[in-house]
Amino acid sequence: MSRLDDELRNALRREDPGEDFTKRVLERAAALPPKRSWRERLLAVFGPAGNRWAAGALAASLLIGVGGIEYRRQQRMRAEGEAAKAQLMVAMRIAGSKLRLAREKVMQVGEE
Amino acid sequence: MRTAMTTESDATPAECPPFADIVRQHQGMVFSIAWNFLRDRTLAEELAQDVFLQLHRHLHEMQSAAHVAFWLKKVACHRAIDCARRRKLRPQVSIEGVPEPSIPAAPGDPLLSDMLRRLIGALPEKQRMALILRYQEDLDPAEIAEVLKVPVRTIKSQLQRSLATLRQKLGRRLGEEIV
């Protein structure tokens, strides 16, 4: 071991932070908010027990409302699809009858 | 022994001493790592307090007294390095800017210690922290590597480089006896 090692040990020796250090740390630790689990934190979002029911009812109402709107949107889209299908069928029938008529005319001309 | 200052969340695992005792036992180590690294007493004390408060929040994860000591050492080192980077404390003086003593120093000379501390303060962060853990905490390179999460060979080369720098700087005026 060299003298440099000794001098480094001396220069880098431990020092005490002072008498009140522990007290100050414990005071700050005592002032910290208590550590809560994720479940407690989630429940805390909704506040006291009375508010929890209100918040639950509100959440359920929102869910039902959004579900109802979505259901009606789906129904409307289905009805529109059915109407479009019916229109297409009518158009096909008209086109078919026109084609039949044209064919008959062509046949008549051919016979003459 | 628990004091009136202890809090509810001081509940430590059976293998760990109470929080207040942990603070008393390790405050010198944590504060000195910060103090020797930052050379700013106020910052060092603030950092040491923050390290213990962080431990307070993670106390339930501690498995043993040895685990607590290792955790404190590791967190103190990393926080000190972060703090220095954030506040751009390094280098307060360049290593060339540290004045050399004009007369040979006697063993344990406070002037020599002061000069050494200033030379250490001018070293790059990683080298400085490795040196502090080597000479303040008396850790071997493998233990330092574990605390700083770097390969052992990196620590060995950092220690060699920092000692070579210090020898070179000190050897000029203090002669061969110091090295």
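**Figure 1. Salt bridges between chain B and chain A.** In this predicted model, 5 salt bridges are counted between chain B and chain A; a salt bridge here is a side-chain nitrogen of Lys or Arg within 4 Å of a carboxyl oxygen of Asp or Glu. One of them joins Arg41(B) to Glu15(A), with 3.6 Å between the closest N and O atoms. Residues are numbered from 1 along each chain as its sequence is written, and chains are lettered from A in the order in which they are written. Local features need pLDDT of at least 70 and side-chain atom pairs pLDDT 80 or more, while totals for chains, interfaces and linings use all residues, and side-chain values use heavy atoms, leaving out hydrogens and water.

**Figure 2. The side of chain B that touches chain A.** Here 49 residues of chain B are in contact with 28 residues of chain A (contact: heavy atoms within 4.5 Å). Together the two chains bury about 3500 Å², 60% of it on carbon and sulfur atoms; this is the accessible area, found with a 1.4 Å probe, that two parts lose on being put together, summed over both.

Figure 3. Where does Gln49(B) sit? Its place is in helix H2 of chain B; helices are DSSP runs of H or I with at least four residues, numbered from the N terminus. Gln49(B) is buried, with a relative accessible area of 8% (buried: under 20%, 1.4 Å probe, protein chains only). Its side chain makes a polar contact with the side chain of Arg28(A) at 2.9 Å. A polar contact is a pair of N or O atoms within 3.5 Å; within protein, one must be able to donate a hydrogen and the other to accept it, and residues adjacent in sequence count only if both atoms are side-chain atoms. Not counting residues up to four places away in sequence, Gln49(B) touches Phe21(A), Arg24(A), Val25(A) and Arg28(A).

**Figure 4. The largest nonpolar core.** Which residues touch the most other members of this core? Among its 63 residues, they are Leu55(B) and Leu72(B). A nonpolar core is a set of buried Ala, Val, Leu, Ile, Met, Phe, Trp, Tyr and Cys residues joined through side-chain atoms within 4.5 Å. Helix H1 of chain B, residues 19-38, gives the most to this core, with 12 residues. Leaving aside neighbours within four places in sequence, Leu72(B) has contacts that include Ile22(B), Met29(B), Phe52(B) and Leu55(B).

**Figure 5. Chain B as a whole.** Chain B has 7 helices and 0 strands. Of its 179 residues, 51% count as buried.

Note on methods:
Buried < 20%, exposed > 50% of the residue type's maximum accessible area, 1.4 Å probe, protein only. Helix = DSSP H or I, 4+ residues; strand = E, 2+ residues; numbered from the N terminus.
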